[in-house]
Amino acid sequence: ENNVAAKGEAYYKLISEKDAQGIKQHLHPDVELYGPLAALKGRDAVIKATTNVMKMLSSLKTRTKFGPGDQALIVYDAHFPNLPNSV
């Protein structure tokens with residue numbers, strides 16, 4: 001299967017396995033990530049932020065994925081057991 005949904009699922013599987021080198025292979029050198037807490041530009045910045053998230057993550061499981069061609073939606077459950085209640 002060669003579509004964005006399958007690639008996205010593979011990416012999140014590597015995050016659940018805490019494989020920073022594996023996810024690096026999925027990212028374009030000029031990747032940009034925009035989230036509620038930061039805007040990141042470049043593969044190194046995204047890998048660094050993802051590695052920090054992986055340190056807090058105890059599990060990540062994909063529920064479903066779908067999308068045609070170059071669009072995808074991936075729904076997953078992530079468990080962060082040691083986050084403070086105020087977060």
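1. A polar atom of the N3 side chain lies 2.8 Å from the backbone nitrogen of A6, a polar contact in the sense of a pair of N or O atoms within 3.5 Å, where within protein one must be able to donate a hydrogen and the other to accept it, and where residues adjacent in sequence count only if both atoms are side-chain atoms. At the start of helix 1, a side-chain oxygen of N3 also reaches to within 3.1 Å of the backbone nitrogen of A5.

2. This is a predicted model, in which local features need pLDDT of at least 70 and side-chain atom pairs count only at pLDDT 80 or more, while totals for chains, interfaces and linings use all residues. Residues are numbered from 1 along each chain as its sequence is written, and side-chain values use heavy atoms, with hydrogens and water left out.

3. N3 sits in the segment before helix 1 (4-16), helices being DSSP runs of H or I with at least four residues and strands runs of E with at least two, numbered from the N terminus. N3 has a relative accessible area of 19% and is therefore buried, the cut-off being under 20% with a 1.4 Å probe and protein chains only.

4. Within helix 1, the buried residues are A5, A6, G8, Y11, L14 and I15, and their cover includes helix 2 (20-24), helix 3 (43-56), strand 3 and strand 4. Just after helix 1, K18 adopts a positive phi of about 60 degrees.

5. Strand 3 (residues 59-66) and strand 4 (residues 73-79) run antiparallel and are joined by 7 bridges, pairing requiring at least two DSSP bridges; S59 has H79 as its bridge partner in strand 4.

Notes. Buried < 20%, exposed > 50% of the residue type's maximum accessible area, 1.4 Å probe, protein only. Contact = heavy atoms within 4.5 Å.
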